[in-house]
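I opened the model to look up its pocket, its helices and a few side-chain pairings. My notes follow in the order I made them.

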Amino acid sequence: MNKEKYILTLKDKITDENTRNIIINQIENYYEAIKNFKPVYCDYKIGDKVYLTKGTLLHGTYKNIDGLKQIIKEGLISNLTTIGRNSKYNYTVGV
């Protein structure tokens, strides 16, 4: 999804104006931050040994490799925002 679609989705789902404004502000900040972001890509293959430095975010998914590819493409996004599935803490991403 693009920024405008996320914002439209949230406007439909969140009725509290203050909450909606906070989340829209987070979306705006995210898209502003990624303008100059250049990710580092590696040529790792399944089975390779990988050494992570302290502070590295490691996130798994129940969809295994396909889920990780989706995270690479879209980032970490709340399920309620993307597929409409409720979680314990709505509009959050557990890491």
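I started with the largest pocket, which holds about 1,400 Å³ of space. A pocket here is an open set of points on a 1 Å grid over the protein atoms alone, with protein on both sides within 12 Å along at least five of seven lines, for a 1.4 Å probe. The volume is the space filled by probe spheres set on the points, with grid points joined across faces, edges and corners. I listed 28 lining residues for the largest pocket; a lining residue has an atom within 4 Å of a point. Nearest the centre lie Val40, Tyr41, Leu68, Ile71 and Ile72. H2 and helix H3 (64-74) each give at least two residues to the lining. H3 has the largest share, seven residues.

**Ground rules.** This is a predicted model, where local features need pLDDT of at least 70 and side-chain atom pairs count only at pLDDT 80 or more, while totals for chains, interfaces and linings use all residues. Residues are numbered from 1 along each chain as its sequence is written, and side-chain values use heavy atoms, with hydrogens and water left out.

**Chain.** I noted four helices and zero strands. The order from the N terminus is α-α-α-α. Helices (H or I, at least four residues) and strands (E, at least two) are DSSP runs, numbered from the N terminus. Of the 95 residues, 14% are buried. Buried means under 20% relative accessible area, exposed over 50%, and partly exposed in between (1.4 Å probe, protein chains only). I also checked contacts (heavy atoms within 4.5 Å). Among those with a separation of 6 or more, 41% join residues 24 or more positions apart.

**Ile27.** I placed Ile27 in helix H2. Ile27 counts as buried because its relative accessible area is 12%. Beyond its neighbours within four places in sequence, Ile27 contacts Lys3, Tyr6, Ile7 and Leu10. Ile7 is 20 residues away along the chain, yet the two C-alpha atoms are 7.7 Å apart.

**Salt bridges.** My rule was a side-chain nitrogen of Lys or Arg within 4 Å of a carboxyl oxygen of Asp or Glu. The count came to two. One joins Lys3 and Glu28 at 3.1 Å, N to O. This pair links distant parts of the chain, with Lys3 in helix H1 (residues 3-13) and Glu28 in helix H2, 25 residues apart. Lys3 is partly exposed at 23% relative accessibility. Glu28 is also partly exposed, at 32%. Lys35 pairs with Glu32, and their closest N and O atoms are 3.1 Å apart. Lys35 is exposed, at 55% relative accessible area.

**Arg20.** Which side chain of opposite charge is nearest to Arg20? I found Glu17, 4.9 Å away. Arg20 is buried yet has no salt bridge. For charge, Lys and Arg count as positive and Asp and Glu as negative; His and the chain ends are not counted. Arg20 sits in helix H2 (residues 17-33). Leaving out residues up to four places away in sequence, Arg20 touches Leu10, Lys11, Ile14 and Thr15.

**Aromatics.** I searched the whole structure and got one aromatic pair. The rings of Tyr30 and Tyr31 have centres 5.1 Å apart and planes at 85°, so the pair is edge-to-face. Rings of Phe, Tyr and Trp (its six-membered ring) pair if their centres lie within 6.5 Å; planes under 30 degrees apart count as stacked, over 60 as edge-to-face and the rest as tilted. Tyr30 is partly exposed at 41% relative accessibility. Tyr31 is partly exposed at 21%.
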